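Please keep the sequence and the structure in view while reading.

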Amino acid sequence: MVIRIVPSSEVAMQLLASGEVDIMWNNTEADLPQLEKMAGIKISSPLQIGGERLFLNMAENKDPSDPKKPHLILSDVRVRQAIEYGINKQVIIDKLLFGKAKPGTSELNTGYFDCKVQPRPYDPEKAKQLLTEAGWAPGADGIRVAKGAKVAPDGTRLRLKYSTTSGNKLREDSQVLVVENLKAIGMELFIENAPSSVVIGTWDGGSPRRRGNFDIIMYTTNAGVDPHSQMVNLWASWMIPHEGNKGGLNYTRLSDPKVDDLLKQAAAEPDSAKRKAVYCQLAQITYEQANMIYLYQ
């Protein structure tokens, strides 16, 4: 078996069409029109757990990151929730995914452990209200500035870096829509993408998600048939990456004793139904925390 790594989905589809490769993995609904035109191609499209999401860094984002020091902007849950209320997920789905995806909701959104979490609605007025309550007032150019914010000094501009893997047209196109949405509520995002080997690389390689020197990173990940390792990796405080734990995967730097206790409870529970109930408590907590914003499934 030969596994090839290629720069983009477009390249992979060209190889599939020419017969150079037999299987292409990690397609999205955006690829369907091109794939459906290819003779002899079979498409498998089971509903995927998890999906494309924004990781919001809740900790100080300098290098090296101090997970105990709050992010100037994203440490406030009202700001994180405002971001989700301000994003029109359905427009992303309709414009870029041909209406064939579902709005993202939580880590467990299909299969046995589906927690039936409902997507946070698109509500830009609610988003504006939350930002105002959080101490972010509209500036002269429409972009908000801190005025009594939780952590940020007065006058701080509501400006964040927004990154994803370069060479992925779907992600780059969706970034444009998200930037437009959030500008409308007074938040400025600037795009700074890099190859996947950098964005989702290693601690020693200086990966932003590992080191914590990022604001918002967007990509897809999903749990397996049993979600426990995914839940621990993304939410346990002991999985926050740092010099002593370079392999940690809790990239949003979520640190919540209740979450930790529930994860330990689930790990010790052999009854699947009882374990599901614990996971769904976790899914609801992280929904409220909005440390990750699920765009589409």
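With which side chain does the side chain of Asn-291 make a polar contact? The partner is the side chain of Thr-252, at 3.0 Å. The model discussed here is a predicted one.

**Asn-291 and its surroundings**

Asn-291 is located in the loop between α11 and β7 (292-296). With a relative accessible area of 0%, Asn-291 is buried. Leaving aside neighbours within four places in sequence, Asn-291 is in contact with residues that include Leu-54, Phe-55 and Leu-56, as well as Arg-80, Trp-235 and Thr-286. Thr-252, the polar partner, also belongs to this set of contacts.

**Helix α3 and its cap**

Helix α3 is mostly covered, since seven of its nine residues are buried. The buried residues are Val-79, Arg-80, Gln-81, Ala-82, Ile-83, Glu-84 and Tyr-85. The N-terminal end of α3 is capped by Asp-76, a side-chain oxygen of which lies 2.9 Å from the backbone nitrogen of Arg-78. Asp-76 itself sits in the loop between β1 (51-56) and α3 (77-85). Asp-76 counts as buried, at 4% relative accessibility. When its neighbours within four places in sequence are left aside, Asp-76 is in contact with Ala-134 and Lys-150.

Helix α5 spans residues 124-133, and its buried residues are Ala-127, Leu-130 and Leu-131. Why do they lie on the same side of α5? They cover an arc of only 100 degrees around the axis, and this places them on the same side of the helix. In an α-helix there are 3.6 residues a turn, so residues three or four places apart point the same way. Glu-125 and Thr-132 are exposed on the other side of α5. The buried residues of α5 pack against α3, β2 (136-138) and β3 (144-146). Just after α5, Gly-135 adopts a positive phi of about 90 degrees.

Helix α10, residues 257-267, has Val-259, Asp-260, Leu-262, Leu-263 and Ala-266 as buried residues. These residues are on the same side of α10, because the arc they cover around the axis is only 165 degrees. On the other side of α10, the exposed residues are Pro-257, Lys-258 and Lys-264. The packing partners of the buried residues of α10 are α9 (228-235) and α11 (272-289). At the start of α10, a side-chain oxygen of Asp-256 comes to within 2.9 Å of the backbone nitrogen of Lys-258. Ser-255 lies in the loop between α9 and α10. Not counting residues up to four places away in sequence, Ser-255 touches Ser-237 and Ile-240.

**Salt bridges**

The whole structure holds 17 salt bridges. Three of them are listed below.

| Glu-107 | Arg-53 | 3.0 Å |

The salt bridge between Glu-107 and Arg-53 links distant parts of the chain: Glu-107 is in the loop between α4 (89-96) and α5, Arg-53 is in strand β1, and they are 54 residues apart. Both Glu-107 and Arg-53 are buried.

Arg-157 is partly exposed, with a relative accessible area of 31%. Asp-141 and Arg-157 also belong to a network of salt bridges with Arg-159 and Glu-188.

Lys-169 and Asp-173 are four residues apart in helix α6 (residues 169-183), so about one helical turn separates them. Lys-169 is partly exposed at 49% relative accessible area, and Asp-173 counts as partly exposed at 25%.

**The segment before α1**

Is Ile-5 buried or exposed? Ile-5 is exposed, with a relative accessible area of 78%. This residue is found in the segment before α1 (9-18). Together with Met-1 and Ile-3, Ile-5 makes a nonpolar surface patch of about 510 Å². Val-6 lies in the segment before α1 as well, and is partly exposed, at 27% relative accessible area. Apart from neighbours within four places in sequence, Val-6 is in contact with Val-11, Ala-12 and Leu-15.

Methods: Residues are numbered from 1 along each chain as its sequence is written. This is a predicted model: local features need pLDDT of at least 70, side-chain atom pairs count only at pLDDT 80 or more; totals for chains, interfaces and linings use all residues. Side-chain values use heavy atoms; hydrogens and water are left out. Buried means under 20% relative accessible area, exposed over 50%, partly exposed in between (1.4 Å probe, protein chains only). Helices (H or I, at least four residues) and strands (E, at least two) are DSSP runs, numbered from the N terminus. The arc is that of the directions from the helix axis to the C-beta atoms. Contact means heavy atoms within 4.5 Å. A polar contact is a pair of N or O atoms within 3.5 Å; within protein, one must be able to donate a hydrogen and the other to accept it, and residues adjacent in sequence count only if both atoms are side-chain atoms. Patches are made of residues with over 30% relative accessible area and no salt bridge: like charges are joined within 9 Å, nonpolar side chains (Val, Leu, Ile, Met, Phe, Trp, Tyr) within 5 Å. Accessible areas come from the Shrake-Rupley method with a 1.4 Å probe; for residues, only the protein chains shown count as cover. A salt bridge is a side-chain nitrogen of Lys or Arg within 4 Å of a carboxyl oxygen of Asp or Glu.
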